[in-house]
Amino acid sequence: MAIRKSTSSPQVVLFKKIKKRYSSLGKKHCYDDEDHLPLDVPKGHFAVYVGENRIRYIVPISLLTHPDFQCLLRQAEEEFGFDHDMGITIPCEEIVFGSLMSMLT
């Protein structure tokens, strides 16, 4: 029996983790019954929580491929993991995150 090496890139693996995380969210907030996605998040976007106060930002999925945003996601995974009820929490000061988003979008 041969062992197959994964051909998935780190970005694909990260995206699958995020997709799995959001598809498993409960009905704590307003979620679409069919897709299990928050109703206030536009298609092609996802929510992240930033800073001490956990300010919620809605960011486009296209940022998942940007190296700076991937760095933030790796830090988030190391510090908080992706398996908790809050959603993706970014370990970054709000002002720094806001500046980065204004440069990337």
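**Sheet, helices and aromatic cluster in a predicted model**

Ala-47 stands opposite Ile-58, a residue of strand 2. In this predicted model, strand 1 and strand 2 run antiparallel and are joined by six bridges. Strands of a sheet pair through backbone hydrogen bonds, and the pairing may be parallel or antiparallel. The sheet is open and consists of three strands in the order 2-1-3, with mixed pairing. Strand 2 and strand 3 each have a single partner strand and stand at the edges, so one side of each lacks a neighbour in the sheet. From one strand to the next, the twist averages 40°.

Two helices lie across this sheet. Helix 2 lies across strand 1, strand 2 and strand 3, and its direction is at about 105° to strand 3. Helix 3 also lies across strand 1, strand 2 and strand 3, but runs at about 15° to strand 2.

Phe-97, Leu-100 and Met-101 of helix 3 are buried. These residues cover an arc of only 100° around the axis, which means that they are on the same side of helix 3.

Three aromatic pairs are present in the structure. One of them is formed by Tyr-57 and Phe-97, whose rings are edge-to-face, with 4.8 Å centre to centre and 65° between the planes. This pair links distant parts of the chain, since Tyr-57 belongs to strand 2 (residues 55–60) and Phe-97 to helix 3 (residues 94–104), 40 residues apart. The two partners are assigned to separate accessibility classes. Tyr-57 counts as partly exposed because its relative accessibility is 22%, and the limit for buried is under 20%. Phe-97 has a relative accessibility of 0% and therefore counts as buried.

Phe-97 also pairs with Phe-69. The centres of these two rings are 6.5 Å apart and their planes stand at 55°, so the pair is tilted; edge-to-face would require an angle over 60 degrees. Phe-69 lies in helix 2 (residues 67–79) and Phe-97 in helix 3, so the pair ties together parts 28 residues apart in sequence. Phe-69 and Phe-97 are both buried. Together with Phe-46 and Tyr-57, these two residues form one aromatic cluster.

Two loop residues were also examined. Lys-43 is located in the loop between helix 1 (10–23) and strand 1. With a relative accessible area of 86%, Lys-43 is exposed. Lys-43 and Ile-61 are separated by 18 residues in sequence, and their C-alpha atoms are 9.0 Å apart in space. Thr-65 is located in the loop between strand 2 and helix 2. Thr-65 has a relative accessibility of 61% and therefore counts as exposed. A polar atom of the Thr-65 side chain lies 3.0 Å from the backbone oxygen of Ser-62.

Methods:
Residues are numbered from 1 along each chain as its sequence is written. This is a predicted model: local features need pLDDT of at least 70, side-chain atom pairs count only at pLDDT 80 or more; totals for chains, interfaces and linings use all residues. Side-chain values use heavy atoms; hydrogens and water are left out. Rings of Phe, Tyr and Trp (its six-membered ring) pair if their centres lie within 6.5 Å; planes under 30 degrees apart count as stacked, over 60 as edge-to-face and the rest as tilted. Helices (H or I, at least four residues) and strands (E, at least two) are DSSP runs, numbered from the N terminus. Buried means under 20% relative accessible area, exposed over 50%, partly exposed in between (1.4 Å probe, protein chains only). The arc is that of the directions from the helix axis to the C-beta atoms. Two strands pair if DSSP finds at least two bridges between them. Axes are lines fitted to C-alpha atoms, for helices over the stretch in contact, and angles run from 0 to 180 degrees between N-to-C directions. Contact means heavy atoms within 4.5 Å. A polar contact is a pair of N or O atoms within 3.5 Å; within protein, one must be able to donate a hydrogen and the other to accept it, and residues adjacent in sequence count only if both atoms are side-chain atoms.
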